[in-house]
Amino acid sequence: MTLFFEREHFMHLIGLHKLTDLQIQRFRKEQMYEMVMRDELTYDYIEKSVFFSEIKQRIELFPILETALDSNELLIKYKHGFAQGTVIMASYIIIYNYGDAIIHYFVDRDEKANRYFGKSFFGRSDDKFLRNQQTFKVLKLTKYDKEENSRIILKNKRIKS
């Protein structure tokens with residue numbers, strides 16, 4: 001599986017789409033990423049939303065997402081029907097234990113581009129999305145930096161026979 005992070009995914013991953021009472025919904029998804037990077041869309045501004053409490057944890061956990069992906073041990077094949085009361089549609093969950101939270105990074109496949117992308121991201125203290133799911137041990141993990149045109153092998157384990 002090759003996992004891509006595109007600027008247009010940022011808005012949904014940190015939950016900006018939930019702040020419907022702010023005037024940010026009129027911007028394109030990739031524009032919001034650029035606005036955050038230029039400090040035009042600030043924490044102080046989004047904190048004013050009545051829905052901010054719904055995304056606060058995502059924003060606080062987001063800076064460790066790269067570390068979580070880099071050190072990943074398990075990949076879970078996600079079956080939507082096993083987690084009651086959710087609308088998340090994804091192919092896999094990458095999990096990472098961080099303090100009292102289990103970080104969930106939901107991954108789905110873009111059929112047209114034939115590549116995987118992050119669809120949702122949040123922390124939970126229970127195993128609601130993990131119960132009765134099939135798990136896979138990550139044996140090889142390579143990190144590509146498109147801007148630097150570099151590759152780092154983070155993990156390369158062989159299956160023992």
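Two strands pair if DSSP finds at least two bridges between them. Helices (H or I, at least four residues) and strands (E, at least two) are DSSP runs, numbered from the N terminus. This is a predicted model: local features need pLDDT of at least 70, side-chain atom pairs count only at pLDDT 80 or more, and totals for chains, interfaces and linings use all residues. Residues are numbered from 1 along each chain as its sequence is written, and side-chain values use heavy atoms, with hydrogens and water left out.

Start with β5, residues 115-124. Strand β1 (residues 3-4) runs parallel to β5, joined by two bridges, and F4 stands opposite F117. Strand β4 (residues 101-110) runs antiparallel to β5, with nine bridges; here I103 faces G123. β4 and β5 make a hairpin with four residues between them, and N114 in that turn has a positive phi of about 55°. Seven of the 10 residues of β5 are buried, meaning under 20% relative accessible area with a 1.4 Å probe, protein chains only.

Now the cores. A nonpolar core is a set of buried Ala, Val, Leu, Ile, Met, Phe, Trp, Tyr and Cys residues joined through side-chain atoms within 4.5 Å. The largest has 30 residues, of which L16, I46 and F121 touch the most other members. Elements giving two or more residues to this core include α1 (7-14), β4 and β5; α1 gives the largest share, four residues.

Which residues does L16 contact, leaving aside neighbours within four places in sequence? With contact as heavy atoms within 4.5 Å, they are M11, I24, Q25, M32, L41, I46 and I55. Apart from this core lies another, of 12 residues, among them I76, I95, I102 and L130.

Conventions: Buried means under 20% relative accessible area, exposed over 50%, partly exposed in between (1.4 Å probe, protein chains only).
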